[in-house]
Each structure stands twice: as structure tokens, then as C-alpha cells.
Amino acid sequence: MLNIIWPVFILISFAYGILNGNVDKINQSIFESASSSVQLCITFFGTICLWNGIMKIAQKTSVIVKLTKILKPLINFLFPECKEQENIKQEISMNMVANILGLGNAATPLGLKVMKSLQKENTKKDTITSTMAMFIVINTASLQLIPTTVIAIRSSLNSANPTKIIFPVWIATLCAAVAVVISTKIFIYLDKNKYKTIRRKR
Amino acid sequence: MKFLNYLSSAAIPIVMSIIIVYGLLEKNNVYDTFVEGAKEGLEIVVKLFPTLLGLFIAIGALRSSGVLDLLVKIISPITNLFSIPSEIMPLAIIRPISGSASTALATDIMTTFGVDSKIGLIASTIMGSTETTFYTIAIYTSCVGIKKIKYVLAAALIGDLVRNVDFCSNLRIFVVKFFLTNQ
């Protein structure tokens, strides 16, 4: 994706800048951007390493197991088709907990494992199942409890209160998560009914 | 409102203490584990840097050449209709496509308009509450060879839309009040 976006961004800006006589500004911005990316990464070193260290402690304790237990009713509601498959439900909840704690590096491999387990149960190998659909959609919903990256960006820009956005982020995440789950449930329902009517016609 | 602000500030210390207390209760070598984890964080940032550098330059070029302003001007009639600040729209569009590009763009927006300005705060919230939708769908479906994804993209994008529109229009009123009363 970036192999397309990156050159397009640069070439369009350079062309537009030259046409408008903004060449000096562009020159200046190239070097400013380079140094501000270094600045951001220096802040990232602090915050991301700190958070990674804390989360490493969490991974070694039973916090994750406890959280998976709390999530159980929610997972039964979201994935009604896996009611009997305890191991898949376990994997799904591990992935969700990793997402909530912001363990991006742990969440993706766990998620891929879930997809592989779900694919084993799938009868049409090239088509997505409703459980997979719900699972992927939830993974796009960003359930992160502490938005560390944004806090890092904000503190690198000397914000008066970098963590102030945590609560608004929770609200926005929650609204979107509810919207996503409802719309996916509706899509799944419509999809199933479509197949029923096709079968009836046959 | 004061309580909500307190909750925002207390979230990190609370989460950290819970985890550390758990570690102590279960007799882990808490500090050794912390250092081990922090070391892994180092690698993440080092790997991230080249990507960010490239995208910072691209976004910086868009901003300084005036393309970004032009884009904002073009879409402003539509965004005005929903009373969304049009300066935010480029971020809302890039966010589902690329994580590092949106990091660069959000940083640029916050630098240009101020971290603690209204636009800066909305940009922060968009960054914090959304995920790189296209990337996530691509990686999860391609790993098991699924080609027909039916309604998944639509459902995920509904989420992004709700987040952006909802946040920018309705929630914004709430959030702006929230920030103003606490400043």
C-alpha cells in the first residue's frame, strides 16, 4: 500500500509546490520533517519501552487469565457458533485481551492462530464464515485501554496534559465497537437469510 | 466532569499498579521482567523509525507545498454540512489505510494547529480510537487463503464512519465542554 501512497504524496507535492513557487518551503520542510521524526522516536523510546516492560510483567502473571474469564459472557454473545469449542473461545479471548492491553505484537500472532483454527472448521475454504467476520471486525475496532502511541505523540509535542484524551478515546471506541458489532450481526443475519431463500427456490 | 478528567489522568498509574501488584503477589522478579520487556520495546521503535522518517517527509511535503490545504478546501463544503472540521478529514481518510502514515499526519496536524487545540484533540482521539482497518482485514484473511470477504469491509468501515462522524459532530460538543471546563 505504502509503495503507492508514498511516491504519490511526494511527487504530487513537489509538482504542486514547484508550480506555485513554494520550492523553498518544501526544501525547508524536508529537513524539518526528518528531524521531527527523530524527535518523535526519542519520545517513543521512552513510552513504548516503558509500556512494553509493564506489559511483559502482565504477561507473566495471571492478569491475562483473569481478564479472559471476565470476557467469557461477551465472547459467548459475539460468537454464538463457537459455543462448544472451548479452545477457539480461549484463543479469541486471548487475542481480545492482548488488544485491550495494547500488546500489538502479541495480538496479531494470536489472531492469526484463531483464523487458522476457524479455517479448519470452515466448509468453503475461500469464503469467510460469520465467526471469522465478527472476529476480524472486532480486531479493526481498536479496543486499546491506554492509547500509548497518541500519548507519546502528544508528550513529544509538549502538550499541557498528554493523557487527557484517554476518556474521550474510551467513549469513541465504545460507540464504534457497539456500532460495529450491531452492523456485523445484521450483516450475518441478512447473509444467512439470503442463503435460505436461495435454497428454497432450488 | 472533574471526575472524568481525574479518570483520564489516573488510568495509567492505576493500570500500572494493578499489574505490578499482581506480579509481586505471584512472586515474579518484577524488575527483571520489566527490563526484559523494555528491551523488546527498543527493537519495535528502531524498526519503526525508517518507516516514520519516510512518511514524515511525505506528509511534510504535502503540507508545505499547499496540497493539504487545497485538499481541505475541496472537501470543506461536504464536511461543513456535518459540521466536521475539514482539517481533520485527511487524517480520517488515511487512518484506516496506514498506521505509520496516520502517525505522521496526526503529528503534523497537532504541530500545525496546536496539540491542545480543538483540532489537535480531535486528531488525538481519532488516532487513539481507530485501527488500520484495511491492513487488519488483509493480514487476517490472506493468512488462511480467504478470498471472499462478503460484508466484512463494509462492517468495519461503518465503525470508522461512526467513530469519525459521531466523534466530530456530536461527541465533539461533549468533548470540547469536557476540555474547556477542565482547563
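Modeller: Buried means under 20% relative accessible area, exposed over 50% and partly exposed in between, with a 1.4 Å probe and protein chains only. This is a predicted model, in which local features need pLDDT of at least 70 and side-chain atom pairs count only at pLDDT 80 or more, while totals for chains, interfaces and linings use all residues. Residues are numbered from 1 along each chain as its sequence is written, chains are lettered from A and ligands numbered from 1 in the order in which they are written, and side-chain values use heavy atoms, with hydrogens and water left out.

Biologist: Is Thr131(A) buried or exposed?

Modeller: Thr131(A) sits in helix α6 of chain A, residues 130-139. A helix here is a DSSP run of H or I with at least four residues, a strand is a run of E with at least two, and both are numbered from the N terminus. The relative accessible area of Thr131(A) is 8%, so the residue counts as buried.

Biologist: Which residue does the side chain of Thr131(A) meet in a polar contact?

Modeller: A polar contact is a pair of N or O atoms within 3.5 Å; within protein, one must be able to donate a hydrogen and the other to accept it, and residues adjacent in sequence count only if both atoms are side-chain atoms. Contact in general means heavy atoms within 4.5 Å. Leaving out residues up to four places away in sequence, Thr131(A) touches Phe79(A), Glu81(A), Cys82(A) and Leu118(A). The polar contact, at 3.3 Å, is with the side chain of Glu81(A).

Biologist: What share of the residues of chain B counts as buried?

Modeller: Chain B has 8 helices and 0 strands, and its elements run α-α-α-α-α-α-α-α from the N terminus on. Among its contacts between residues at least 6 apart in sequence, 65% join residues at least 24 apart. Of its 183 residues, the buried share is 52%.
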